[in-house]
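Colleague: Could you take me through one part of this predicted model in detail? I would like to look at a sheet and what surrounds it.

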Amino acid sequence: NAGVTQTPKFQVLKTGQSMTLQCAQDMNHNSMYWYRQDPGMGLRLIYYSASEGTTDKGEVPNGYNVSRLNKREFSLRLESAAPSQTSVYFCASSELVTSGDTQYFGPGTRLTVL
Amino acid sequence: GQQLNQSPQSMFIQEGEDVSMNCTSSSIFNTWLWYKQDPGEGPVLLIALYKAGELTSNGRLTAQFGITRKDSFLNISASIPSDVGIYFCAGQLNSNYQLIWGAGTKLIIKP
């Protein structure tokens with residue numbers, strides 16, 4: 001089992017460029033999440049998908065879109081990247097979105113927007 | 001938005017020392033989680049707490065869910081070099097299922 005995988009691991013973009021971050025899990029989990037992590041701050045939820053076919057906004061959704069392609073895959077798209085989106089992005093998955101369920105994290109994508 | 005106050009921000013300790021860190025919030029949580037993040041990796045769950053007053057151990061790690069449901073602490077006994085990393089607390093509200101994260105405690109072991 002690979003768990004949660006993310007691609008790419010590193011990316012540098014210019015302001016205004018677009019890109020999609022890919023995430024896949026092989027644990028047959030129903031729920032998937034996208035977080036960003038900035039220095040000195042905790043993780044902040046961007047979007048989540050409680051189950052296949054549903055997506056919901058988290059704490060910081062502006063500037064992002066997501067697609068739950070199927071049960072395994074959940075992608076995050078930056079349509080017009082801005083320097084404020086320089087961050088480390090983590091994808092996570094869990095069996096259910098309900099209280100207390102363990103979230104398993106991928107290794108992260110380190111994004112720099114110039 | 002909701003915030004968790006995690007302290008200390010960083011700790012410099014000698015190998016073998018005990019470590020203590022905590023998180024407080026103005027909100028009541030129904031779940032407290034403690035994660036560890038190694039450099040270049042995603043967070044990994046250490047301990048999950050589901051009831052007020054609950055005390056749970058995982059090897060040398062012990063965590064407690066505060067009676068008021070607004071705080072939690074994590075203790076590490078007899079620290080070893082592989083304990084270095086960033087420790088995060090996270091709380092889950094009853095009203096929705098989103099995790100609210102602390103800013104992390106960076107643990108450094110002095111040579």
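Modeller: Start with β3(B) and β8(B), which pair in the antiparallel sense over 6 bridges. To find your place in this pairing, look for Cys23(B), which stands opposite Ser72(B) in β8(B).

Now widen the view. The two strands belong to an open sheet of 5 strands in chain B, in the order β1-β3-β8-β7-β6 with antiparallel pairing. At the edges you will see β1 (4-7) and β6 (55-58) of chain B; each has a single partner strand, so one side of each is left without a neighbour in the sheet. From one strand to the next, the twist averages 15°.

Next, follow the chain out of two of these strands. The loop between β8 and β9 of chain B holds Ala78(B). Its phi is near 45°, a positive value in a residue other than glycine. Ala78(B) counts as partly exposed because its relative accessibility is 35%, between the cut-offs of 20% for buried and 50% for exposed.

The largest nonpolar core has 23 residues, and Trp32(B), Trp34(B) and Leu74(B) have the most contacts inside it. Among the strands that each supply at least two residues of this core are β3 (19-25), β7 (61-65) and β8 (71-76) of chain B. In soluble globular proteins, nonpolar side chains tend to be buried together.

Definitions and conventions:
Residues are numbered from 1 along each chain as its sequence is written. Chains are lettered from A and ligands numbered from 1 in the order in which they are written. This is a predicted model: local features need pLDDT of at least 70, side-chain atom pairs count only at pLDDT 80 or more; totals for chains, interfaces and linings use all residues. Side-chain values use heavy atoms; hydrogens and water are left out. A nonpolar core is a set of buried Ala, Val, Leu, Ile, Met, Phe, Trp, Tyr and Cys residues joined through side-chain atoms within 4.5 Å. Buried means under 20% relative accessible area, exposed over 50%, partly exposed in between (1.4 Å probe, protein chains only). Helices (H or I, at least four residues) and strands (E, at least two) are DSSP runs, numbered from the N terminus. Two strands pair if DSSP finds at least two bridges between them. Axes are lines fitted to C-alpha atoms, for helices over the stretch in contact, and angles run from 0 to 180 degrees between N-to-C directions.
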